[in-house]
Amino acid sequence: MPLLINQNVVADDKWLRVDADTLAQHPEAAVIVPFDVFAAEQETLLAGERPLAVQINGDQDFDLVLANLERLSLVVIEFPAFTDGRGFSFARILRRKGFTGEIRATGDVSHDRLEYMTRCGFDAFEISDERFSDETCSVFGEITVHYQGSADDERPIFRR
Amino acid sequence: MYQYNEQDQNLVNQRVEQYRDQTRRFLAGEIPDDEFRGLRLMNGLYIQRFAPMLRVAVPYGLMNSVQVRKLAHIARTYDKNYAHFTTRTNLQFNWPKLEEVPDILAELAEVQMHAIQTSGNCLRNTTTDHFAGILKDEVEDSRPWCEIIRQWTTLHPEFAYLPRKFKIAVTGSSEDRAASQVHDIGLHLVKNDAGEVGFEVLVGGGLGRTPMIGKVIHKFLPKHDLLTYLEAILRVYNLNGRRDNKYKARIKILVDALGIDKFRELVDAEWAEIRGGEMHLTDSEIERIKGFFAPHPYSTDAVNGVAALESKLAEDADFAAWYERNTREHKVDGYRAVIVSLKPYLKAPGDITDVQLDVVADLADKYNFGEIRSTHDQNLVLAHVQAGDLFALWQVMAEHNLARPNIGTLTDMIVCPGFDFCSLANAHTLNVADQINQKFDDLDYLHDIGDIKLNMSGCINACAHHHVAHIGILGVDRKGEDFYQITLGGSSREDASLGKVIGKAVPQADVADTIEKVLQVYVEQREEEERFIDTVRRIGLTPFKERVYAPVN
Ligand code: HEM
Ligand code: SF4
């Protein structure tokens, strides 16, 4: 699955996806932990030293993620369907809280949403093979005029 | 009116190319159907019963003659020589070809028009009072505020995938001609005790399956806070609106479920984070936008035309009848606002031909500073016509079937296209509108009945606002046959209320007769000068029910 970071295709992902069973098998690795596992194992995970990431979707408790931002270097936001716009607001709020780590979109992520996602604060995208093509990276810059402030630039057009 | 600068123009141009590319990728099989659906809807393209339907944005109903001529050209070149104005003051083309839509959009962009966010689950076109800027009692012209909102909503990255569509209406006077209380957000320009202008904010109104009147969330929002407050409401809705059931996804359901006080708390908490931030409006921006809506260069001689007008009114009864119903007072002496009736006899309400569009554009150039407005009840307005020009204007309009003197009367109906065009319809509407037209063609009778609002929708989606009509008609399907449910007592105005169903749905053949019975009760029971709606409110539904459902012997 192609991974785009800062508008470029990245060959390999330094993050390892784990679940409840595999978490213990990689004690040193930088891991992406599903939200449920994160919620259940909070104390151990937060006390550890290794690079930590959480994957969350719109149905899960975003406040728990917000409360632990210092310990997270990546937040993965899942889009179960392309119509689910909650992740856009999640990213926006993360950036507003001062989160400077990576915000990665996963799930139903494709060409026509990448620019909006970037504006909301995402800087990384996992795109399925069938939705990825050479043209995908050319989406950035399709629309260069932005009226509203957003995470990429909080200033609306009238303040720029 | 607002004029695009280079950036505005770049945006619509880039959007055309973006959509052209999306269409190309869709036709090449690179975008799945359901995803393209979302993309095309955000660009106003539905796939309907016979063909796609393209909804062109008319921000707050304001157009100039160049734009209207372009719409005529599009109707002629890409469609079947007509178009349709909607309750949202937009314009629909019923027969464009999917492959040609990018070309249509490119033509629209040439005249500063587009179809951005005219459909789909995003922030829609903001609507307002079609008499904005010309009223004596107005707190402030609402249109600059609509333009400020238009810019904020356009391609808003965070709110492009909301739980459901989202509509905002703004009004500037104590009268409400924008149905603001049945919008997701209604904004009323008001003055506080200190004489400052701000907004009363309503939230959670809407029609459709679960009609609701909006609730006051803020009594006086300072005007510089407009965008941050809207943003706070939208963020709370985006995060908390239901996404499991599209019928329960509108903000009205969320507000109702939480209660307005709890909802306000959430909004206030969010607002506290952003209130003083970058989206806080600046004086210079407000002034810049207001500058586009400065009063037209009205002639001080206009009052001189009044004498000529009066003699014409005395001579010509048809002209006088039209003047009486289809023109309104203007704050500048010697001027009148003219309503162009798109409700001619036996034609689909809201339809307009390419020829008529051109005629209206010419008249606007000649008599109205080149300005044309569309109204939420599917008519057009030429808002600043000199008294002395009215007769000549009327003659041209009459010749082109645009001057039926029926504004505000029973035949000035809002009617959705229903089964003839809409794939969601349960019943026909246009033939029932014809039936009503045939039954109530007598002008004296219509004028005697006076102000009355009749709206008809072909299904529960309520595109024609039937819930808030004095007489509402809703098409329902009974085993493959068209039936119609009648409601009485609705209003979309400042006294907003939802109509109540009078009883079981009537078969198609009986609709006009049923309305006749309802009107008989009114005529018998009304007190001096009492409007239909006031009679209904005073005497209740029972007398109407009794008459309509009286056993036939
Ligand atoms: C022919 C194509 C049309 C289709 C497929 C269509 C579809 C819909 C749907 C599905 C809704 C319900 C949305 C909801 O409850 O969330 C709706 C609402 C609405 N439509 Fe249409 N519509 C069409 C034409 C029109 C026309 C011609 C008008 C104006 C005459 C119109 C004005 C409206 C309005 C004002 C509402 C909002 C009612 C509310 O506040 O809930 N639509 N439409
Ligand atoms: S009310 Fe129903 S039938 Fe009429 S246009 Fe709307 S969706 Fe179609």
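Reader: What makes strand S14 (residues 371-374) of chain B and S15(B) a pair?
Author: The two run antiparallel and share two bridges. Strands pair if DSSP finds at least two bridges between them, so S14(B) and S15(B) qualify. One facing couple is Arg373(B) and Val381(B), the latter in S15(B). Five residues sit between the strands of this hairpin, where Gln378(B) has a positive phi near 65 degrees.

Reader: And where do these names and values come from?
Author: This is a predicted model, with local features needing pLDDT of at least 70 and side-chain atom pairs pLDDT 80 or more, while totals for chains, interfaces and linings use all residues. Residues count from 1 along each chain as its sequence is written, chains are lettered from A and ligands numbered from 1 in written order, and side-chain values use heavy atoms, leaving out hydrogens and water. Helices (H or I, at least four residues) and strands (E, at least two) are DSSP runs, numbered from the N terminus.

Reader: Why is S15(B) called largely enclosed?
Author: Buried means under 20% relative accessible area (exposed is over 50%, partly exposed in between; 1.4 Å probe, protein chains only). Six of the seven residues of S15(B), residues 380-386, are buried, so the rest of the structure largely encloses the strand.

Reader: What makes H12(B) largely enclosed as well?
Author: Ten of its 14 residues are buried, so the rest of the structure largely encloses H12(B). Among them are Leu357(B), Val360(B), Leu363(B) and Tyr367(B).

Reader: How do you know that the span of H12(B) is close to the expected one?
Author: The expected span is 1.5 Å times one less than the number of residues. For the 14 residues of H12(B), 354-367, that gives 20 Å, and the helix reaches 20 Å from its first C-alpha to its last. Just after H12(B), Phe369(B) takes a positive phi of about 55 degrees.

Reader: What does H12(B) lie across, and at what angle?
Author: It lies across S4 and S13 of chain B, at about 80 degrees to S13(B). Angles run from 0 to 180 degrees between N-to-C directions, with axes fitted to C-alpha atoms, for helices over the stretch in contact. Contact means heavy atoms within 4.5 Å.

Reader: What makes S1(B) and S13(B) edge strands?
Author: The open antiparallel sheet runs S1-S2-S5-S4-S13 in chain B. S1 (45-47) and S13 (351-353) each pair on one side only. Inside that sheet, S4(B) and S5(B) pair over two bridges, and His84(B) stands opposite Gln92(B).

Reader: Why is H5(B) called oblique to H6(B)?
Author: Their angle is about 50 degrees, with the axes 11 Å apart. Under 35 degrees is roughly parallel, over 145 roughly antiparallel, 65 to 115 roughly perpendicular and the rest oblique. That leaves H5(B) oblique to H6(B). The contact includes Trp145(B) and Trp152(B) of H5(B) and Leu230(B) and Leu234(B) of H6(B).

Reader: Over in chain A, how do you know that S6(A) and S7(A) pair?
Author: Six bridges link S6 (residues 74-79) and S7 (residues 102-107) in the parallel sense. Val75(A) has Ile103(A) of S7(A) as its bridge partner. Helix H4 (residues 86-96) of chain A packs on the sheet, touching S5, S6 and S7 of chain A, with its direction at about 165 degrees to that of S6(A).
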